[in-house]
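This report describes selected features of one protein structure, with attention to a pocket, charged pairs and individual positions. Please consult the sequence and the structure alongside the text.

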Amino acid sequence: MKGKIVAVDGSLVVAEMDGRIVQNSVGYCVRSDGTRLLSEVIRVRGQRADLQVFEETRGLRVKDPVEFDEHMLSVVLGPGLLGQIYDGLQNPLPQLASQIGYFLQPGVYINGLATDQSWDFTPTAKTGDTVAAGDTLGTVPEGIFEHRIMAPFTATGNFRIEKLAGEGSYTLDEEIAELVGEDGSTLKVTMQQNWPVKVPLSVARQRLMPVDPLVTRVRIVDSMFPIVRGGTYCIPGPFGAGKTVLQQITAKHAEIDIVVIAACGERAGEVVETLRDFPELIDPRTGRSLMERTIIICNTSAMPVAAREASVYTGATLAEYYRQMGLHVLLLADSTSRWAQAMREISGRLEEIPGEEAFPAYLESRIAAFYERAGAVELRDGRVGTLTIGGTVSPAGGNFEEPVTQGTLKVVGAFLGLSRARSDARRYPSIDPLDSWSKYGGIIETEKMVRVRRLLSHGNNVRQMMTVVGEEGTSLDDFTVALKADFFDNVYLQQNAFDKVDAATTAERQKFVFDKVLEVIDLQLEATEKTKVRQAIVVATDLFRNWNYAASDSDEYKGWLEKIDQFIASKGRT
Ligand code: ADP
Ligand code: MG
């Protein structure tokens with residue numbers, strides 16, 4: 001498929017093509033100096049193709065040639081993905097930077113995986129075996145995991161293994177297997193394969209209902225607004241409320257095998273922060289770099305919009321690939337608002353009929369399709385893999401009544417809304433305990449959770465009333481409720497991301513502390529007087545805070561627990 005450019009409008013190019021034009025195929029617009037700019041067909045009108053160019057279109061002119069084949073925008077999958085930092089088109093950013101410097105140049109593409117590196121392959125299947133798409137042929141050690149080399153995902157039907165490489169070291173270009181289909185067709189297999197990013201990758205026996213709690217070790221999430229493995233959640237919040245920090249602590253502490261981060265189009269400074277901070281993070285499980293089980297896809301708003309749009313899909317595809325190995329994967333998209341803005345910009349250029357706030361009418365279906373890629377699947381050999389997707393939303397002015405937040409709310413299973421008031425008061429993580437919700441079951445019994453929710457909302461009502469009538473005008477009962485709600489907030493919901501111990505609380509410890517907190521809440525403090533109630537809450541808050549900062553296996557931990565028990569017993573007697 002060849003053609004000539006007839007118009008250039010920012011990242012949108014219109015070309016007159018000869019031959020059949022395939023929607024979503026990728027190819028190149030070729031500048032007169034020979035530079036080839038990666039582009040995608042996003043609309044077909046007769047012989048005209050609307051192309052989005054993933055690069056700066058400066059220098060591109062009318063009559064410049066375009067060349068397309070029928071491939072869709074794809075990524076390469078194979079050993080070596082972990083630890084990589086890619087742009088939205090899977091160019092390894094550090095290599096790009098070292099090759100051409102920090103001012104990225106259009107038209108330079110580097111293969112997503114190094115083809116000169118060798119990997120130690122161990123066959124697990126044998127010649128003569130029957131396999132289908134996604135079945136394991138062998139393994140390769142990759143960091144702390146066994147990377148499974150799988151039969152090509154594009155293969156349909158059953159295949160017999162005609163040839164299979166023995167144990168040894170191979171590059172990604174070397175053939176490691178030859179498969180023969182029922183119709184006699186042969187498939188040559190290497191350790192890498194390609195997959196189109198906009199097509200969900202899932203070769204499974206069945207989709208499972210996600211029910212297994214994903215313990216993030218963030219107390220307010222696990223205990224109040226749980227997430228499950230294979231589920232979805234969103235974190236909407238105004239600028240500076242703590243979305244990125246929450247994503248980072250989740251990446252570090254959540255009980256998950258692999259984390260894929262799609263850092264999508266936030267301001268360049270923030271992305272640089274992610275690039276600088278992440279490689280320094282230590283994995284609490286291995287004591288080694290967290291990057292060994294992380295992939296970062298990274299675009300700034302300075303990069304062309306089309307590449308920004310692609311980064312979310314690239315992230316999803318890499319995450320699905322590892323799920324296919326029977327691993328638990330977490331995809332964090334930060335921020336989906338920037339992704340939606342990219343969609344809006346492209347839609348505007350296409351002069352499509354705009355929907356609310358000029359977002360395209362298909363905004364909601366695109367958001368839904370993205371979160372649909374999450375899920376728990378049972379693989380053909382009975383193992384289970386999960387992909388959990390968490391996306392941040394950064395609505396202008398923190399107003400949740402806007403299309404991206406609303407579209408996301410309709411499809412996700414949990415909503416962790418960040419509150420400006422809480423982050424201003426430095427109550428971190430600033431998830432609003434009154435506004436947030438989750439449809440999933442977690443680690444705390446529902447009955448206990450409901451009690452605490454009721455306490456928080458009752459406490460909030462009393463607080464509001466108190467601002468009008470003052471403390472004197474508030475009954476002792478109400479006053480006690482307000483203080484108990486504060487107590488729960490201070491010692492349980494708030495958590496210091498920067499403290500070694502408090503940053504992460506295991507499920508076991510959460511359950512234990514939760515029950516202790518309930519014991520305090522159950523104390524009949526209102527049998528005394530307001531000053532006594534206040535004194536008691538101050539003491540309890542202090543004890544629990546210290547307890548939170550004590551490592552589970554330390555003497556301090558036992559010491560504070562004893563003091564807490566003494567405190568509860570002493571109050572029980574009055
Ligand atoms: P956003 O991504 O929503 O714009 P950030 O996640 O970058 O906001 O957070 C902004 C700042 O707030 C951080 O640099 C940090 O100082 C503070 N902060 C956010 N979350 C926490 C937390 N859980 N614990 C302590 N400080 C936090
Ligand atoms: Mg941020």
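## Pocket, salt bridges and selected residues

Strand S6 gives the most to the lining of the second largest pocket, contributing five residues. The model discussed here is a predicted one. The volume of this second largest pocket is about 580 Å³, and 25 residues line it. Val26, Tyr28, Leu38, Met72 and Ser74 are the lining residues that lie nearest its centre. At least two lining residues come from each of strands S3 (25–30), S4 (36–45), S6 (65–72), S7 (74–77) and S17 (193–196). By residue class, the lining of the second largest pocket comprises 13 nonpolar, nine polar and three charged residues.

Side chains of opposite charge can pair when their charged atoms come close. In this model the count is 36 salt bridges. Three of these pairs are listed below.

| Glutamate 56 | Arginine 58 | 3.6 Å |

Aspartate 283 and arginine 293 are both buried. In the pair formed by glutamate 56 and arginine 58, glutamate 56 is partly exposed because its relative accessible area is 39%, whereas arginine 58, at 64%, is exposed.

Arginine 420 and aspartate 424 both belong to helix H9 (residues 420–424), where they are four residues apart, about one turn of the helix. Arginine 420 has a relative accessible area of 37% and is therefore partly exposed; aspartate 424 has 55% and is therefore exposed. Elsewhere, Lys2, Arg36 and Glu67 are joined into one network by salt bridges that share partners.

Valine 468 is placed in helix H10 (residues 446–469) and counts as exposed because its relative accessibility is 70%.

Glutamate 562, in helix H14 (residues 555–573), has 52% relative accessibility and so counts as exposed. Its C-alpha atom is separated by 10.0 Å from that of leucine 543, 19 residues apart along the chain. Serine 335 occupies the loop between strand S22 (328–334) and helix H6 (336–349), and its relative accessibility of 1% is why serine 335 counts as buried. Serine 335 and glycine 391, 56 residues apart in sequence, are 6.5 Å apart in space, C-alpha to C-alpha.

How values were computed. Residues numbered from 1 in each chain as written. Chains lettered and ligands numbered in written order. Predicted model: local features only at pLDDT ≥ 70, side-chain atom pairs only at ≥ 80, totals over all residues. Heavy atoms only, no water. Buried < 20%, exposed > 50% of the residue type's maximum accessible area, 1.4 Å probe, protein only. 1 Å grid on protein atoms, 1.4 Å probe; cavity = no way out; pocket = protein on both sides within 12 Å on 5 of 7 lines; lining within 4 Å. Points joined across faces, edges and corners; volume = space filled by probe spheres on them. Nonpolar A, V, L, I, M, F, W, Y, C, P; charged D, E, K, R; others polar. Salt bridge = Lys/Arg side-chain N within 4 Å of Asp/Glu carboxyl O.
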